[in-house]
Amino acid sequence: MLEILEGKGLSFLFPLLKLEKELLKQIKADPSPQSIYKWIKDNISPRLHTDKGFVNILMTSFLQYISQELCMAEGDDQLAAPSKEQQEQEKQLLLAFKPVMQKFLHDHTELQVSALYALQVHCNANGFPKGMLLRYFVNFYDMEIIEEEAFLAWKEDITQEFPGKGKALFQVNQWLTWLETAEEEESEEEAD
């Protein structure tokens, strides 16, 4: 769609689409967090840094890059669980992008929820590859990229704006229940 709009000189109508394309190009050119952060500071207005649309683009670009880097061999079952090596590579790429994600998501629960929706849409678009959503949820939690409140807010949110919520909830419901229980036990211990 962006190419059609650009061909007609109308890309200004969808600045976020153009931004997504340029950000992904930048990540492919130099995936270092310093380079990505510098590019964002140089090319994206600071007022957009707390915009849900920007967070969606940021997360989508990271997820697309990671998926392309883990590119399975032609003929591999795209919906099968990745190998241990691929899972480790996925985790290392997430760790590399962690400083950039934290910079824009830290202390912004609503933006963290937007990041989870970007992940949900990414998984939905790829046919919910086996275990992907749960792996990312666990990694985001363990790496302190997304906080408990955001996971629970995402769970409770009933918007129909983003496809795949039912299937996503089914895949991570047990983990979310564990998270809620751990949160409640922690609260009770603090009260004692």
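This is a predicted model: local features need pLDDT of at least 70, side-chain atom pairs count only at pLDDT 80 or more; totals for chains, interfaces and linings use all residues.
Me: What makes the pair of Phe151 and Trp175 edge-to-face?

Reply: There are 15 aromatic pairs in the count, and the pair of Phe151 and Trp175 has ring centres 5.0 Å apart, within the 6.5 Å needed for pairing. The planes of these two rings stand at 75°, and since over 60 degrees counts as edge-to-face, the pair takes that name. The pair links distant parts of the chain, with Phe151 in helix H8 (residues 148-156) and Trp175 in helix H9 (residues 165-191), 24 residues apart.

Me: How do you know whether Phe151, Trp175 and Trp178 are buried or partly exposed?

Reply: Buried means under 20% relative accessible area, so Phe151 with 0% is buried, and Trp175 with 13% is buried by the same rule. Trp178, at 44%, falls between the cut-offs of 20% and 50% and therefore counts as partly exposed. Phe151, Trp175 and Trp178 belong to one aromatic cluster, together with Tyr117, Phe137, Tyr141, Trp154 and Phe162.

Me: What makes Lys165 lie over the face of Trp154?

Reply: Lys165 is placed at 4.6 Å from the ring centre of Trp154, where the distance limit for a charge over a ring is within 6 Å. The rule also asks for a position within 35 degrees of the ring normal, and Lys165 is assigned to the face of Trp154.

Me: Why is helix H4 called roughly antiparallel to helix H5?

Reply: The axes of helix H4 (residues 52-69) and helix H5 (residues 84-105) come within 10 Å and cross at roughly 165°. Angles over 145 degrees count as roughly antiparallel, which is why H4 is described in that way relative to H5. The crossing in which H4 passes H5 is right-handed. Among the residues where the two helices meet are Phe54, Leu58 and Phe62 in H4, and Leu93, Phe97 and Phe104 in H5.

Me: How do you know whether Gln26 and Asn139 are buried or exposed?

Reply: Gln26, in helix H2 (residues 15-29), has a relative accessibility of 18%, which is under 20%, so Gln26 counts as buried. Leaving aside neighbours within four places in sequence, Gln26 is in contact with Ser35 and Trp39. Asn139, found in helix H7 (residues 132-142), counts as buried because its relative accessibility of 9% is likewise under 20%. Not counting residues up to four places away in sequence, Asn139 touches Lys91 and Leu94.

Terms used:
Residues are numbered from 1 along each chain as its sequence is written. Side-chain values use heavy atoms; hydrogens and water are left out. Rings of Phe, Tyr and Trp (its six-membered ring) pair if their centres lie within 6.5 Å; planes under 30 degrees apart count as stacked, over 60 as edge-to-face and the rest as tilted. Helices (H or I, at least four residues) and strands (E, at least two) are DSSP runs, numbered from the N terminus. Buried means under 20% relative accessible area, exposed over 50%, partly exposed in between (1.4 Å probe, protein chains only). Axes are lines fitted to C-alpha atoms, for helices over the stretch in contact, and angles run from 0 to 180 degrees between N-to-C directions. Angles under 35 degrees count as roughly parallel, over 145 as roughly antiparallel, 65 to 115 as roughly perpendicular and the rest as oblique. A crossing is left-handed if the near helix is turned anticlockwise from the far one by less than a right angle, and right-handed if clockwise. Contact means heavy atoms within 4.5 Å.
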